[in-house]
Amino acid sequence: MPIPNIVNLLECESRKLYMERSLQSLGCDRMRFYTYERFENSGVEFVGHESIVKLVTKGVTSSYLITIKRWLENTDEEIGIFFEDDADFSTVKYWNFTFGEFLERMGDKWDALHLCSIHETTPLMFPRKREIYDHGLQCCVLKRRYASRLVKYYFRDDEKTIYYKMPGSVPVSTENNILSGFGRVYTFPLFNHNIVEFKSENTGGPDHCDPVVNSYHFIKDWWLNVGSRLTLDDIFKNASL
């Protein structure tokens with residue numbers, strides 16, 4: 001696995017420790033944390049049409065975009081893997097392959113990979129082209145050429161100013177900001193979203209029958225009961241690449 005790049009909120013030290021322990025348990029001793037203050041204290045500005053800017057989740061979007069920019073400018077890596085600090089790695093023990101073997105099987109057509117899923121209906125459990133309703137940013141992988149296009153689209157120089165517009169007029173979401181319009185993007189939930197240890201505004205409401213919770217349980221159960229018996233050949237049998 002490439003060196004993980006982790007987006008972390010400054011006040012969430014417990015999440016940082018969780019990610020360190022989780023990745024170390026998988027044999028990842030090197031990792032990079034990109035830690036941010038809350039948006040209102042960050043000094044970051046979104047510039048763009050007011051009707052669009054007012055809809056964006058500014059904290060998550062700015063921290064993810066700036067992380068990609070810093071990775072691009074401060075490494076020479078051809079592939080970057082990015083995690084939010086509430087990624088769930090419990091699926092890994094059910095893999096009958098390595099991460100490297102999965103990447104190799106994906107071939108060379110992809111520019112970015114979306115490796116988690118918060119789906120509005122039911123996650124589709126085979127590799128396929130990402131659609132605009134495929135949500136979640138717990139993990140994604142970007143090739144350098146893809147990241148370069150993305151950074152050029154949102155930034156001119158200073159990371160404190162984000163020139164905000166939706167690529168290709170897709171619906172407003174952080175996922176679509178990062179995973180739409182800059183190349184070929186495919187999706188398959190190798191990882192999950194840790195909603196057990198970490199709550200957010202998406203999971204902490206009175207109604208727990210929302211896409212976040214449903215997707216978490218579906219992916220968890222699929223890897224336990226189905227994915228654990230599958231080879232890479234099986235997983236890619238119905239792939240749409």
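Guide: Let us start with one residue. This is a predicted model. Thr174 has a relative accessible area of 8%. Buried means under 20%, so Thr174 is buried.

Visitor: In which helix does Thr174 lie, and which residues does Thr174 touch?

Guide: Thr174 lies in helix H6. Set aside residues up to four places away in sequence. Then Thr174 touches Thr57, Val60, Thr61 and Leu137.

Visitor: Is Asp134 buried or exposed?

Guide: First, the place: Asp134 lies in strand E9, residues 134-135. Its relative accessible area is 0%. The limit for buried is under 20%, so Asp134 is buried.

Visitor: Which side chain does a polar contact of 2.6 Å join to that of Asp134?

Guide: Asp134 touches several residues beyond four places away in sequence, among them His114, Ile118, His119 and Arg128. Glu175 and Thr187 are also among those touched. The polar contact of 2.6 Å joins the side chain of Asp134 to that of Arg128.

Visitor: How far apart in space are Asp134 and Phe182?

Guide: In sequence, Asp134 and Phe182 are 48 residues apart. In space, C-alpha to C-alpha, the distance is 16 Å.

Visitor: Is Lys129 buried or exposed?

Guide: Lys129 is in strand E8, residues 128-129. Its relative accessible area is 53%. Exposed means over 50%, so Lys129 is exposed.

Visitor: What is Lys129 in contact with, leaving aside its neighbours within four places in sequence?

Guide: Asp134 is one of the contacts of Lys129.

Visitor: Now the helices. How far does helix H1 reach from its first C-alpha to its last?

Guide: Helix H1 covers residues 13-25, so count 13 residues. At 1.5 Å a residue, 18 Å is expected. The reach of H1 is close to that, at 18 Å.

Visitor: Why are the buried residues of H1 on the same side?

Guide: The buried residues in H1 are Arg15, Tyr18, Met19, Ser22 and Leu23. They share one side of H1 because the arc they cover around the axis is only 120°.

Visitor: What do the buried residues of H1 pack against, and which exposed residues does the face turned away carry?

Guide: The buried residues of H1 pack against strands E1 (4-9), E2 (32-36), E4 (79-84) and E5 (87-88). The face of H1 turned away from the buried side carries the exposed residues Arg21 and Ser25.

Visitor: What arc do the buried residues of helix H5 cover?

Guide: In helix H5, residues 144-154, the buried residues are Arg144, Tyr146, Ala147, Leu150, Val151 and Tyr154. They sit on the same side of H5, because they cover an arc of only 155°.

Visitor: What covers the buried residues of H5?

Guide: Helices H3 (58-74) and H6 (174-179) are included. So are strands E6 (112-114), E10 (139-143), E11 (161-163) and E12.

Visitor: On to the rings. How many aromatic pairs does the structure hold, and what kind is the pair of Tyr153 and Tyr154?

Guide: The structure holds 19 aromatic pairs. The ring centres of Tyr153 and Tyr154 are 4.9 Å apart, with planes at 85°. Planes over 60 degrees apart count as edge-to-face, so this pair is edge-to-face.

Visitor: Which of these two is buried, and which is partly exposed?

Guide: Tyr154 has a relative accessible area of 0%, so Tyr154 is buried. Tyr153 stands at 24%, so the partly exposed one is Tyr153.

Visitor: How many residues apart in sequence are the parts tied together by Phe188 and Trp222?

Guide: The rings of Phe188 and Trp222 have centres 6.3 Å apart and planes at 85°, so they are edge-to-face. Phe188 lies in the loop between strands E12 (185-187) and E13 (192-193), and Trp222 in helix H7 (residues 211-225). The pair therefore ties together parts whose separation in sequence is 34 residues.

Visitor: Last one. Which charged end sits over the ring of Tyr153?

Guide: The distance from the centre of the Tyr153 ring is 4.1 Å. The charged end belongs to Lys165.

Definitions and conventions. Residues numbered from 1 in each chain as written. Predicted model: local features only at pLDDT ≥ 70, side-chain atom pairs only at ≥ 80, totals over all residues. Heavy atoms only, no water. Helix = DSSP H or I, 4+ residues; strand = E, 2+ residues; numbered from the N terminus. Buried < 20%, exposed > 50% of the residue type's maximum accessible area, 1.4 Å probe, protein only. Contact = heavy atoms within 4.5 Å. Polar contact = N/O pair within 3.5 Å; in protein donor to acceptor, adjacent residues only side chain to side chain. Phe/Tyr/Trp six-rings, centres within 6.5 Å; stacked < 30°, edge-to-face > 60°. Lys NZ or Arg CZ within 6 Å of the ring centre and 35° of its normal. Expected span 1.5 Å × (residues − 1). Arc of directions from axis to C-beta.
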